[in-house]
Amino acid sequence: QVQVVESGGGSVQPGGSLRLSCAASGSIPIRYVMGWYRQAPGKERELVATNTLGAIQSRQNYGDPVRGRFTISRDNAKNTVYLQMNSLAPEDTGVYYCKLRNLDTRDDYWGQGTQVTVSS
């Protein structure tokens, strides 16, 4: 079994920054992708960013609303991904979830989520 735990959420004013962390533990797959998704009240869960470890280098993918403002990074030794969020806006408010996907079995493991609130 795989456990995924997020941390680092909180409240911030518009234009501010936050850094989220997501640590995976347990039976970590050999090949996996980790990423962030978010869900605002009354809306569907949407992609924020993913990081896939390739044969030579990792590959990042971003949702359109956050591209250029958010950066995902990965520490393979710690099985951890980070999400640096800059220039935050009220529309970034929501619960941010971390997901680990086993690339061989397509099994998904979700964290419990961490709240991010952007308001003045």
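Mentor: Contact here means heavy atoms within 4.5 Å. The model is predicted, so local features need pLDDT of at least 70 and side-chain atom pairs count only at pLDDT 80 or more, while totals for chains, interfaces and linings use all residues. Residues are numbered from 1 along each chain as its sequence is written, and side-chain values use heavy atoms, with hydrogens and water left out.

Trainee: Which residues is G63 in contact with, leaving aside its neighbours within four places in sequence?

Mentor: L47 and V48. G63 and V48 are 15 residues apart in sequence, and their C-alpha atoms are 5.0 Å apart in space.

Trainee: Why is G63 called buried?

Mentor: Buried means under 20% relative accessible area, exposed over 50%, and partly exposed in between, with a 1.4 Å probe and protein chains only. G63 has 8%, so G63 is buried. Of the 120 residues in the protein, 42% are buried.

Trainee: Where does G63 lie?

Mentor: In the loop between β6 (58-62) and β7 (70-75). Strands (E, at least two residues) and helices (H or I, at least four) are DSSP runs, numbered from the N terminus. The protein has 11 strands and zero helices.

Trainee: What makes the protein as compact as a globular protein of that length?

Mentor: The radius of gyration is taken over C-alpha atoms, and the globule rule is 2.2 Å times the number of residues to the power 0.38. For 120 residues the rule gives 14 Å; the protein has a radius of gyration of 14 Å, close to that value, so the description holds.
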